[in-house]
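Hello,

Here is the structure I promised to pass on. Please have a look at it first, and then read on for what turned up in it.

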Amino acid sequence: MTSPKGAEPVEQSFRDAMRRLAGTVSIVTVANNGERHGTTATAVTSLSMNPPSILVCFNRDSRLHAMLSAADHFCVNLLHTDNVDVSKLFSSPVTSAERFAGGRWACGEGEAPYLEDALSSIQCAKDQQIDYGSHTIFIGRVLSARNREEISPLAYCNGNYVRTAALPKRRG
Ligand SMILES: Cc1cc2nc3c(=O)[nH]c(=O)nc-3n(C[C@H](O)[C@H](O)[C@H](O)COP(=O)(O)O)c2cc1C
């Protein structure tokens, strides 16, 4: 165990702590003036049910940040364990067109692109954005959600893609 009072700088111990934070992997997409983009993210959190809302956090240096800052809508595609290759593609340094060449993508009228075999695709209207340090928090009001029957989330932990598994239920 690492001592909290050790000589380690907080950035290092925090980075190590975040390797222990398992999170479902998403691809956040936007469409703006005929252009579309999408980026892999784990900084995605359910915000409230009243109103139904979700937040996503992006580095200000990312291309998604620039597109999302200018957009009215975005889509959070929660990934299924089947989608690991698409996740890798959407976090790699390639063009938007090269990213969307992987996976089956569709887009309804006035929507952002959604991945047809995602675990869930959550269409949002962008409500607020809050700058904090190197990142911006984008808050989306949920307009609709498409859900895949089988619940098998793609998670990321300690630098690896992982799957979740239910623990045995305790008796009594
Ligand atoms: C599993 C995983 C989760 C990530 N989560 C985030 C995130 O929540 N926010 C973020 O800004 N970048 C995140 N990234 C990094 C971006 O996906 C990566 O920097 C990407 O190349 C940025 O693309 P863009 O500049 O086209 O938007 C994550 C990468 C991986 C592999």
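A polar contact here is a pair of N or O atoms within 3.5 Å, where one must be able to donate a hydrogen and the other to accept it. With that in mind, please note that this is a predicted model.

**Thr40 and its surroundings**

The cut-off matters for Thr40: a polar atom of its side chain lies 3.4 Å from the backbone nitrogen of Ser91. The side chain of Thr40 also reaches the backbone oxygen of Ser87, at 2.7 Å. You will find Thr40 in strand S3, and it is buried, with a relative accessible area of 18%. Leaving out residues up to four places away in sequence, Thr40 touches Val25, Ser26, Ile27, Phe58, Ser87, Phe90 and Ser91.

Ser26, one of those partners, belongs to strand S2, residues 26–32. Ser26 is buried too, at a relative accessible area of 1%. Apart from neighbours within four places in sequence, Ser26 is in contact with Thr39, Thr40, Ala41, Val44, Val76, Asn77, Leu78 and Leu79. From Ser26 to His135 the separation is 109 residues in sequence and 17 Å in space, C-alpha to C-alpha.

**The largest pocket**

The largest pocket holds about 900 Å³ of space. Among its 25 lining residues, Met18, Leu21, Thr42, Ala43 and His135 are the closest to the centre. Two or more lining residues come from each of helix H1 (10–18) and strands S1 (23–24), S3 (35–41), S5 (52–59) and S11 (154–157). Helix H1 gives the largest share, four residues. By residue type, the lining of this pocket divides into eleven nonpolar, ten polar and four charged.

**The cysteines**

How many disulfides does a search of the whole structure find? The count is zero. A disulfide would need two cysteine sulfur atoms within 2.5 Å. The sulfur of Cys57 has its closest cysteine sulfur in Cys124, 13 Å away, so the two are too far apart for a bond. Cys75 is in no disulfide either, and its nearest cysteine sulfur, again that of Cys124, is 7.1 Å away.

Happy to hear what you think once you have had it open on your screen.

Best wishes

Conventions
Residues are numbered from 1 along each chain as its sequence is written. This is a predicted model: local features need pLDDT of at least 70, side-chain atom pairs count only at pLDDT 80 or more; totals for chains, interfaces and linings use all residues. Side-chain values use heavy atoms; hydrogens and water are left out. On a 1 Å grid over the protein atoms alone, a cavity is a set of points where a 1.4 Å probe fits but cannot get out, and a pocket is an open set with protein on both sides within 12 Å along at least five of seven lines; lining residues have an atom within 4 Å of a point. Grid points are joined across faces, edges and corners, and a volume is the space filled by probe spheres set on the points. Ala, Val, Leu, Ile, Met, Phe, Trp, Tyr, Cys and Pro count as nonpolar, Asp, Glu, Lys and Arg as charged, and the others, Gly among them, as polar. Buried means under 20% relative accessible area, exposed over 50%, partly exposed in between (1.4 Å probe, protein chains only). Contact means heavy atoms within 4.5 Å.
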